[in-house]
Amino acid sequence: MAVPAHPLRVFPERLALAAFVCLLLVAAGLRFYDLPGDYLRGDEKVAADNSSGTLSEVVHNTRNRNSSPLLYPLALWVVQKVDVSAFSLRVLPATASVLTVAVMLFFLPCLGMSRWATFLAALLATLSVAAIEHSQDAREYSIDALLAALMIAGLLWYLRDGRKALLCASLFLAPLLQYGLVLFGTALMGTAMVLPPRPWHRRNAIPRLSRIPHWLRYRIVLLLPAGCFLAGCAISYFMTVRYQWQEGGFASGNYLSAYYYMGWGESDALPIFKFSIDRIWGLLTYHLPEVVAIAVLAAFALLLVASFLRRFQGNLQDSAIAVLFALCIAVSVAAVILKLYPFGGIRQNIYLGPVIFLAAGVSIHWMIDSLSALTRRAWVAPMLAAAAVGAIALAGVGDLWRDSPYLKTHTTKAILAFLKEHVEEGDMVYATAFAATSLKLYQDEKPGNYYYEKTRCADGGKNYIQEMADFVISQPNVPNRIFWVHERKPSL
């Protein structure tokens, strides 16, 4: 009795399509649920404030008050020209997160990936707490994940028939959107280099270059994508990186210190190994439920062994995902050891979500097919498929229940209520630039006795007080009381 190669094929085509559409609707519902309902959080206010003002101010703020490339601040600047609200600032990340799931469900299967593997990957992405949390964040992390998914699509398109347009465009944009995507682009180019040449490579090989080694001659077409990637890196360096770079890595001296290797030397093999394993596990459990991460690690390890023994019968696209995932981990570990970029279960690694989800889908799909072939029973594949979907769904819902991404912080609401209740005629309200961003968003117009910081004092309360004092002295009437509105609470 024949064993179906792909469990989803036991269902009618229309039923499979309906399942894909339903999953996409669930993803959209989870990401747009109560999107404008919460006040902007601290880092969202910073992102909005850095992207306000004139275009030259956005460039200056990004260079001197941020640690990201210029592309997303410019996009946020355009959004704020249309509307400034919690919804408008978050709609791009929420939409990008939904599109990431859509790319997995509808685009990647068209490029040769197994529909079953992409369905499992999309299910994991749909229920990922980290993905949902940052889809409701005004910063760029969900858009990073979408571009990473499109970079994967560009790689698969290149592998299938040699089309390089999407690969070149996504590689060019990657360094302009997030610095972590430079590492991802490096792993992507490495994957394109190490995979076997396709027939179309041979048709496009240049006969005159017969002296060039066979392996290199069939990969010379990768010079164009590599050039686009290097061009994006160069633009990003001259526009932002040279102004932002800190010795030892971004924020390595404070909140990201645990995500850099701080050993005495790069030759310490055992500490490096322990650190790497700990951060890899943190990365996987950040994107996946813990029980799923354990199963995926076991399945992926067996997949690597089968590939080494040449017993992996999957298509080239599924193989590409496995190679890309392994290279992403290797490049990320190298970067964290060299103190170039943080690595672990943090938002700066959201861009690795798509390749993690796809590698998990490919591994589980391969395991199901292998067990089905081993038992030689047609009913084993659909039974295991249903069990895998059920286990992922239960684990994902359990994580959402335990670590809700919809937790609200009402700091700004409390500040506005406090000011409305206590500020009287003759009082003055002085707001730092950080706090003023929230006040501008949630007040129809600026009251006459409200004053916003102009010089953006960054050295603490002493400078704030000096600016307030200078401003009060310049006024014809001395205020009865001065309310100082800082990041978290108003001071009197």
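## Ground rules

Residues are numbered from 1 along each chain as its sequence is written, and side-chain values use heavy atoms, with hydrogens and water left out. Because the model is predicted, local features need pLDDT of at least 70 and side-chain atom pairs count only at pLDDT 80 or more, while totals for chains, interfaces and linings use all residues.

## Ser 88 in helix H5

Let's start with Ser 88, which sits in helix H5 (residues 86-107). Helices here are DSSP runs of H or I with at least four residues, numbered from the N terminus. With a relative accessible area of 8%, Ser 88 is buried; that word means under 20%, exposed means over 50%, and partly exposed is in between, using a 1.4 Å probe and protein chains only.

What does Ser 88 touch? Leaving aside its neighbours within four places in sequence, Ser 88 is in contact with Val 79 and Asp 83, where contact means heavy atoms within 4.5 Å. A polar atom of the Ser 88 side chain lies 3.0 Å from the backbone oxygen of Asp 83.

## Enclosed spaces

Rolling a probe the size of a water molecule over the atoms shows where empty space is left. A search of the whole structure turns up five cavities of 30 Å³ or more. A cavity is a set of points on a 1 Å grid, over the protein atoms alone, where a 1.4 Å probe fits but cannot get out, and its lining residues have an atom within 4 Å of a point. Volume is the space filled by probe spheres set on the points, which are joined across faces, edges and corners.

The largest cavity holds about 120 Å³ of space. Of its 13 lining residues, Ser 97, Thr 100, Ala 131, Ala 145 and Phe 357 lie nearest its centre. H5, helix H8 (141-161) and helix H17 (353-375) each supply at least two residues of that lining.

## Checking helix H18

Among the buried residues of H18 are Val 380, Ala 388 and Leu 400.

## Two loop residues

Most residues other than glycine have a negative phi. Asp 34, though, has a positive phi near 50°. Asp 34 is in the loop between helix H1 (13-32) and helix H2 (42-50), and at 35% relative accessibility it counts as partly exposed.

Lys 339 also has a positive phi, near 60°, and its place is in the loop between helix H16 (316-337) and H17.

Methods: A polar contact is a pair of N or O atoms within 3.5 Å; within protein, one must be able to donate a hydrogen and the other to accept it, and residues adjacent in sequence count only if both atoms are side-chain atoms. On a 1 Å grid over the protein atoms alone, a cavity is a set of points where a 1.4 Å probe fits but cannot get out, and a pocket is an open set with protein on both sides within 12 Å along at least five of seven lines; lining residues have an atom within 4 Å of a point.
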